[in-house]
Amino acid sequence: MTTIPLFHVLVLSSLLFAIGFIGVVARKNTLFILMSLEVMLNAVGVAFIGAGSAWQQADGQVMFILILTLAAAEVAVGLALLIRMQKKYRSLDIDLLNEMRG
Amino acid sequence: MLLASLPFYPLVSFLLLILFAKRLSWRLASAISVGAMALTALVSGLLVFELSNSSSHFISVDLWHWFSLSSQQRMAEVNVSFYLDGLSAVMISVVSGVGFLIHLFAAAYMKDDANFSRFMAYMNLFIVAMLILVLADNLVLLYLGWEGVGLCSFLLIGFWYQEQANVLAARKAFIVTRIGDTSMAIGLFWLFSSFGELNITAVSELIRGVGSSEIGFSLQESTDIYWIALLLLGGAVGKSAQLPLQTWLPDAMAGPTPVSALIHAATMVTAGVYLIARMHSVFLFAPEVMNYVAWLGAITLLLAGLAALAQTDIKRVLAYSTMSQIGYMMLALGAGAWSAGVFHLMTHAFFKALLFLTAGAVILALHHQQNIFKMGGLLKRLPFESALFVVGLICLMALPGTSGFFSKEAIIAELWLSTTAGPALWWCAIIGALLTSIYSCRLFFLAFLGNERFTEKLHIEKASLMRSALLILALLSLFGGLISLDLSEVFFKIKAEELISVNEPSWLHTIAIATPFVGILFSWFYFKNYRVDSNLEDGVKTNLTASEHRFAIFCRNGLGFDSLYDVLLIKPYQLLAKLNRRDFIDQTMMSTAWYVGLWHDVMTMIQNGNLRWYLAAFGLAIMTLIGVSIL
């Protein structure tokens, strides 16, 4: 089995992170924003796994499990908020939530 | 000790009235203010009595040390101390005596005003300032009183401050007199820097001592004296409403009538006359300036007489007549007839206060109608007031036997032979007397004779306070001329009277006495339509109107001085102010405001509440940070 060089892993992770970030910024639908957020979290996870295997340490995998748990919790809360939002605004457009402008 | 306390009676009353303002009832407020004035008048009387019985010709009292001034030559102590001699005795009697009577009148006149106690408080403050002015033993304290009366005049002209005209008049009076005050202040600085002394007696003695000695003044010193006298004259001209600073006085009539009587006729406007009389030692050694004083007085008295002829407002006629009478006083001072000038000041205070207060009573009866073309026939309707007005007018015209006669004749008699006046000024005075009698008759005919040109029912006030004040003033006006003033101790003569080689023509006195009668005779025929009741003649009610001739309008507007100053000074100044609107300092201030506004806009723009926007900014910032740290 050939080892994948760390550089490639990091490039993949950065690309995923960028795609996720652009998704968060560009999307108006809150559901897609949440999904893009997941992509970003997983991009970070990939970076941790890559780094863990490169240095042969378990910390990377521990960190990934932590991120997974966090993501699960976040999605639970996020979806709950989404339902409330749908009920209140009859829409998932994030730009409707701008009442705290200066 | 009595002397020291004199200005404090009205001061205490002023403080009480200001502190408790509207909590005082009319009865209490007038009791306090008029009571304080009665006390002041009483004490003044005692002081004058004391002065006339004492062996020395002055009383002085030191209150406290104020501050010290030093120049290269020596130190001068400026103390708060009072000095009472013949001249200031005349002044305090006039200020407190006439002041008391006017307070008495004002208490009744202003009874229904909402701000009655504020009014009386200002009147009291005015008396305080005026007493300080006339009692001051040094010029700095005198200046304090001088500014104090100016302030009170401002406050009282603008007393009914809800009306714009009054406020504008107050501002005008303040600014115009301020020009004179500035000139006077410079005069005082000059006096101190060249003679190192501000005490009036000390200055006078110093100047007399050097002036009468063999050596005399050096060239530098005589130039100094010339300029000091000229600058002091500037101050006097401002306060006494003489040419070129006379324009404020007619407008000052916007104030309540007792104010016009007290400040703008009887007392404050004579402060300039007092100043020149007080500083006569300086003026004696500047004969050119004395000559200017005389000419200024003469021209003012003629111009004011002309202007009075064309007025339609009863108070403005009296205002112009005040100006012209002060012109007489100035003329007397300029001619070196010091005592005559001060004597006229006193008698004028009596009869002008009487005229103004009676005019006030008439105006009150006619529901604040001041236009004499809307009066007429008041002799039958208001016999008491009319009789008193006639008394005032015959004093003003100087008919023989009245107080005005004694003082005005005293002035005119000294003019012909005076070194600083002369026949030309004598003729001016005579023509002035003629004008005086003509405008007095015109006023009397229009307001009190002829047909009634008003429609409302008269509001007849029978307040005994008013009537008693008027009656006392009338008696003073009639018999005030019998008071003999002996001011020879006060006024200094350069040298003993030389034998007069040129005798004055014998017809002088005859003409002087006959002039008012000529004026009356002239107006009797000339103003026939004013005097005759046209209702009876043809049954048609003709309405009199003021002449619309261009010259009449020109005179009515004060001979164009207002518009002249408007073009000459006010317009250019406003233009300059407009041009200078965007000056450097303003721009700096405004740019700060602009900058802050800009940041405000930027900040509100960023805080748009848009989550995605925040996130983008966040990402951009992180990227910039990383980029910067890598580079």
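Against which helices of chain B do the buried residues of H21(B) pack? In this predicted model, they pack against helix H4 (86-109), H16, helix H18 (383-397) and H19 of chain B. The buried set itself consists of Met466(B), Ala469(B), Leu470(B), Leu473(B), Ala474(B), Leu476(B), Ser477(B) and Leu478(B). Helix H21 spans residues 464-479 of chain B, 16 residues in total. From its first C-alpha to its last, H21 reaches 22 Å, close to the 22 Å expected at 1.5 Å a residue.

Two of the partners of H21(B), H16 and H19, also pack against each other. The axes of H16 (residues 338-365) and H19 (residues 403-415) of chain B come within 9 Å, with a crossing angle of roughly 155°. Angles over 145 degrees count as roughly antiparallel, and H16(B) and H19(B) are therefore assigned to that class. The crossing of the pair is left-handed. On the H16(B) side, the contact involves Ala340(B), Gly341(B), Phe343(B), His344(B), Thr347(B), Phe350(B) and Phe351(B). These residues meet Ser403(B), Gly404(B), Phe406(B), Ser407(B), Lys408(B), Ala410(B), Ile411(B) and Glu414(B) of H19(B). By class, the residues of this contact comprise 7 nonpolar, 6 polar and 2 charged.

Of the 631 residues in chain B, 48% are buried. Among contacts in chain B with a separation of 6 or more, 82% link residues 24 or more positions apart.

One of the residues examined individually is Ser523(B), which lies in helix H22 (residues 508-526) of chain B. A residue counts as buried when 20 or more other C-beta atoms lie within 10 Å of its own; Ser523(B) has 21 and is therefore buried. Leaving aside residues up to four places away in sequence, Ser523(B) touches Ile438(B), Cys441(B) and Arg442(B). The C-alpha atom of Ser523(B) is separated by 32 Å from that of Ser339(B), and the two residues are 184 residues apart along the chain.

Chain B also contacts chain A. The contact involves 11 residues of chain A and 11 residues of chain B. The side of chain A that touches chain B is made up of 6 nonpolar, 2 polar and 3 charged residues.

How values were computed. Residues numbered from 1 in each chain as written. Chains lettered and ligands numbered in written order. Predicted model: local features only at pLDDT ≥ 70, side-chain atom pairs only at ≥ 80, totals over all residues. Buried ≥ 20, exposed ≤ 12 C-beta atoms within 10 Å, placed from the backbone. Contact = placed C-beta atoms within 7 Å. Axes fitted to C-alpha atoms, helices over the stretch in contact; angles between N-to-C directions. Helix = DSSP H or I, 4+ residues; strand = E, 2+ residues; numbered from the N terminus. Parallel < 35°, antiparallel > 145°, perpendicular 65-115°, else oblique. Left-handed = near helix turned anticlockwise from the far one by under 90°. Nonpolar A, V, L, I, M, F, W, Y, C, P; charged D, E, K, R; others polar. Expected span 1.5 Å × (residues − 1).
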